[in-house]
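Notebook open, model loaded. I'm jotting down what I look up as I go.

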Amino acid sequence: MSDPTSEPENPAPATAGASATATLNVGRWSPGDDVIVVQRTPAPGTGRGAWRTFVETARGLKTTFGRIKEGTNTISYPEEKVPVYPRFRGRHKLHRFEDTGLEKCVGCSLCAAACPADCIRVVAAENTPENRVSAGERYAAVYEINLSRCIFCGYCEVACPFDAITMGHDYELSDYDRSDLIFTKEMLLAEPLERTPLRNEGE
Amino acid sequence: MSVLALVGYYESWWVQILKAIVIFAVGLQLVPVVLIAERKIMGRMQGRYGPNRVGPYGALQPLADILKLLTKEQFRPTTSVGFLFAIAPLISILTAVAAFAIIPFGNVQHIFGERVGLYGVDVSIGPLYLFAFGAIAFYGIMLGGWSSGSKYSFLGAMRGAAQLISYEVSQGLALVGVIMTAQTLSLTGIVNAQKGMWYFIPQFVGFLIFLTASFAETNRAPFDLTEADAELVGGYNTEYGGGRFASYYFAEYLNVLVVSGIVTTVFFGGWLLPFGIHPPGWVDPIIVLFKMSLFTFFFIWVRATLPRLRYDQLMSFGWKVLLPLATLNALVTAILVVVTH
């Protein structure tokens, strides 16, 4: 439709202005193919407008009533839980070697160094032949994570050279006291109560 | 008409007291039911459950709400006018309960050897009584909003004043058609006059106008500009809490029930059943309550559907659409009544 004087595809009838196409093609300029013909609703205050209001209200009522049949989308939280994805970053876990039972953590403090929230505290001690805690030379005598500061970024598990710390799936961490949110090594090593369902493959 | 002269005068005093207590008790019990019904139904319409924690299926939720509200501390802003602040909710609740008294729940029955009408009182000026109390109810909102000494309350009250005055006219005129057709102002008389045909058929326009205006009169969505939570916090009851707020809340829902009852009575044949079914007298209140519940459901349904009107839309709708329609309806009905009689 580059040529403005070209004949429109639907030639205007003799009574110009009678239809929507005709009004668009009045004059010499043709708006072309890509023009959007605006459909105007009946003006408010007219009979047709009132009828439209009535019909549209009824349509709205039908819509809301239809929602009753569709059922609810609510997940009743304490009873039902949204399953988490396998890589969900919840509460940390410390790990042991499954065969020997020794702790994987060697107390290197790399996690504490990587932590942007500065919530990990590690105090290392030497392993002795009588008291062998970890597989390496040293072990973490104190390992504390202040979960009220943790931002669950997962940098600690990335920083850990022995995969000793990973992010678990537990996200129900509220407590009545802030001091209860400082998790010690024993708490982090303990098998957590699996309170969170895991999302299945393809779910 | 003879009905007017007879009804209401042959009941002994103890029957009247008993009736007053029973009707007040019934009204008092119906409001929590409407409360929970509204929250549950609106929840379902919005894809959620609604309250489901207190009691079986959340049925005791209104009880918990009322208990919570009644045990709250009473306080008021320093800018408020104490006396008016305290009595404004009382006016609201009083007018709502008073209007509830005239809804006929059934025909005259023979109980304990007495003739008892199943209604609080059958006033010979039924709709006028209703509008009188509707007009006083407006003071509850107006004084409550003004005496709070808060700009939100004040704006809500001012809107309420304009809205109630505008829509009361249409509401009244919508009933004029029915009154002319029934040739009586007594509500039981109007019900008895509907034995041939319920008035929502011949008075369909009047019915629509009355229903629409009733939404405005009860400050329900889409005409809830007096509350308008999105812009006025809580409207006229922003500064209210505890028992006083509960009074306003109670009055609002009782007003919904009253309006449902009036629509039932005036347009849907009260205790009458279609197709010439005549059940025994004790079924009458059940029929009325059932019809009322349908309209209460409609109120809830509309609240879940329609968005709130803008203030100028509300005004132009009331004065430019409803009032001319109501006038025309009254005029046409008057002509038809004159021609056919």
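Started with a helix pair in chain B. Helix 2 (residues 13-45) of chain B packs against helix 11 (residues 284-305) of chain B at an angle of about 45°, and their axes are 10 Å apart. For the record, axes are lines fitted to C-alpha atoms, for helices over the stretch in contact, and angles run from 0 to 180 degrees between N-to-C directions. Helices here are DSSP runs of H or I with at least four residues, strands are runs of E with at least two, and both are numbered from the N terminus.

So helix 2 of chain B is oblique to helix 11 of chain B; under 35 degrees would count as roughly parallel, over 145 as roughly antiparallel, 65 to 115 as roughly perpendicular, and the rest is oblique. I noted the crossing of these two helices as right-handed, meaning that the near helix is turned clockwise from the far one by less than a right angle.

Which residues make the contact? From helix 2 of chain B I listed B:Val34, B:Ala37, B:Glu38, B:Ile41, B:Met42 and B:Met45; from helix 11 of chain B, B:Thr296, B:Phe297, B:Ile300, B:Arg303 and B:Ala304. Contact is taken as C-beta atoms, placed from the backbone, within 7 Å. By class I get eight nonpolar, one polar and two charged residues. Nonpolar covers Ala, Val, Leu, Ile, Met, Phe, Trp, Tyr, Cys and Pro, charged covers Asp, Glu, Lys and Arg, and the others, Gly among them, are polar.

A note on the source: this is a predicted model, where local features need pLDDT of at least 70, side-chain atom pairs count only at pLDDT 80 or more, and totals for chains, interfaces and linings use all residues. Residues are numbered from 1 along each chain as its sequence is written, and chains are lettered from A and ligands numbered from 1 in the order in which they are written.

Next, the chain A sheet. Three strands form an open sheet in the order 2-3-5, with antiparallel pairing. Strands 2 and 5 of chain A are at the edges with a single partner strand each, so one side of each has no neighbour in the sheet. Strand 2 (residues 120-126) of chain A pairs with strand 3 (residues 138-146) of chain A over seven bridges; pairing takes at least two bridges found by DSSP. I found A:Arg121 opposite A:Glu144 there.

Last, confidence. Chain A averages a pLDDT (the predictor's confidence in each residue, from 0 to 100) of 80, and 82% of the residues score at least 70.

How values were computed. Two residues are in contact if their C-beta atoms, placed from the backbone, lie within 7 Å.
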